Amino acid sequence: MFSNRKIVLVIILLITLSITAYVLIVVIPARLAEKAYAGARQLGQDFREAFHFTPEVTVNNTVVLQQQIPILELATLSQKFQHRYEWRNTWMKSTKKIEITGTFEAKAGFDLQKKFAISIDDTVATVTLPAPQLLSLESQPDVTFRDENGIWNWVDAADRSAAMNAYSADARRYAEQAPFVADAQKAFEVRIREILKQHDKHAVIRYTSTETIERR
C-alpha cells in the first residue's frame, strides 16, 4: 500500500511530466514557429523596402506571405550606350546611305508577373525567380542623321523611316548580346544574399521561366 506521501509524490511527478511534455510538444514548437513566421514577415518587409514588391515566403512548406506586385517589372540595371548604324539602298548601281547616331537606354531585370518565391527551411532560403531579361530599350532624343544621296537614287522620308526602324532593331540586337542582363542578374543576386544574410539565411538561387503567379 502506498502512503499518502508517496501518492502525493507520484501525483506531483505526473503533473511535472505532463507540464514538461506540454512545453516540449506544444509551447516550444509554437514559439519557434511564431518566431520563424515573424522573421519571414520581416524578410518580406525588407524586400518591399528594397525592391518595392513582396515575394511569396514559405516557412517549412507553410505560406506566410503571398506575392504582391504593385509593379509588373523590376529593373535592376539601367545602362545608356551610344549606337551608330548605316542604312544603305542600291538601285541601278546607285547607292544612297543614311548614317544614324544616337543614345539608347537599356533596362534589364525581372518580369514580376512570373513567380518570385522564397522557401525557408532552417538556415537555408531557396529563392525561385524568373530568369532576368532585357525589359526595355528606349531611344533618347539625341538622334542625328547624315544622308548621302546616290547619283540618281536620292534619300526621301520613307528612307528615313526605314533607316530608323533598322537602327532600332540593330540597337536591340546589340543590347541583347551585351552583358546588361548578366550584370542585372549579378547585382540582384548580391542584394538578395545581403538581405538574407541579415536574417542568418544561406541563399540558394534558382531561375525558372515557366512558373507564374496565380491571379485571384
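Select Asp 147 to open the tour: this residue is partly exposed, with a relative accessible area of 36%, because that class lies between buried (under 20% relative accessible area) and exposed (over 50%), judged with a 1.4 Å probe and protein chains only. The model is predicted, so local features need pLDDT of at least 70 and side-chain atom pairs count only at pLDDT 80 or more, while totals for chains, interfaces and linings use all residues. Residues are numbered from 1 along each chain as its sequence is written, and side-chain values use heavy atoms, with hydrogens and water left out.

**Stop 1**

The side chains of Asp 147 and Arg 160 form a salt bridge at 3.0 Å, N to O; the term denotes a side-chain nitrogen of Lys or Arg within 4 Å of a carboxyl oxygen of Asp or Glu. This pair connects distant parts of the chain, with Asp 147 in strand 8 and Arg 160 in helix 2, 13 residues apart. Helices (H or I, at least four residues) and strands (E, at least two) are DSSP runs, numbered from the N terminus. Arg 160 is likewise partly exposed, at 33% relative accessibility.

Next, select Arg 146 and Glu 99, whose side chains meet in a salt bridge of 3.5 Å, N to O. Here strand 8, which holds Arg 146, is linked to strand 4, which holds Glu 99, across 47 residues. Arg 146 has a relative accessible area of 47% and is partly exposed. The whole structure contains eight salt bridges.

**Stop 2: Thr 103 in strand 4**

Remain on strand 4 and select Thr 103. Is Thr 103 buried or exposed? Thr 103 is buried, with a relative accessible area of 10%. Its side chain makes a polar contact of 2.6 Å with the side chain of Asp 142. A polar contact is a pair of N or O atoms within 3.5 Å; within protein, one must be able to donate a hydrogen and the other to accept it, and residues adjacent in sequence count only if both atoms are side-chain atoms. Display the surroundings as well: not counting residues up to four places away in sequence, Thr 103 touches residues including Lys 80, Phe 81, Glu 138 and Tyr 167, where contact means heavy atoms within 4.5 Å.

**Stop 3: the nonpolar cores**

Select Phe 47, Phe 116, Ile 118, Ile 120, Val 127, Phe 188 and Ile 192. These are the residues with the most contacts inside the largest nonpolar core, which has 23 residues. Such a core is a set of buried Ala, Val, Leu, Ile, Met, Phe, Trp, Tyr and Cys residues joined through side-chain atoms within 4.5 Å. Which elements each supply at least two residues of this core? They are helix 1 (4-51), strand 1 (56-59), strand 5, strand 6 (124-130), helix 3 (180-198) and strand 9 (202-208).

Another core, of 19 residues, lies apart from it; among its members are Leu 137, Val 155, Ala 163 and Ala 175. Return to Phe 188 and show its contacts: leaving out residues up to four places away in sequence, Phe 188 touches Phe 51, Leu 74, Thr 76, Phe 110, Phe 116 and Leu 129.

**Stop 4**

Select Glu 194 and Arg 191. Their side chains meet in a salt bridge of 3.3 Å, N to O. Both residues lie in helix 3, three residues apart, about one turn of the helix. Glu 194 counts as partly exposed at 40% relative accessibility, and Arg 191 is also partly exposed, at 31%.

**Stop 5: two loops**

Go to the loop between helix 1 and strand 1 and select Thr 54. At 5% relative accessibility, Thr 54 counts as buried. A polar contact of 3.1 Å joins its side chain to that of Arg 48. Then select Lys 115, in the loop between strand 4 (94-111) and strand 5 (117-121). Lys 115 is partly exposed, at 23% relative accessible area. Lys 115 and Pro 130 are 15 residues apart in sequence and 6.6 Å apart in space, C-alpha to C-alpha.

**Last view: the whole chain**

Finally, display the entire protein chain, which has three helices and nine strands. Along the sequence, the pattern reads α-β-β-β-β-β-β-β-β-α-α-β. Of the 216 residues, 35% are buried. Among contacts between residues at least 6 apart in sequence, 71% join residues at least 24 apart.
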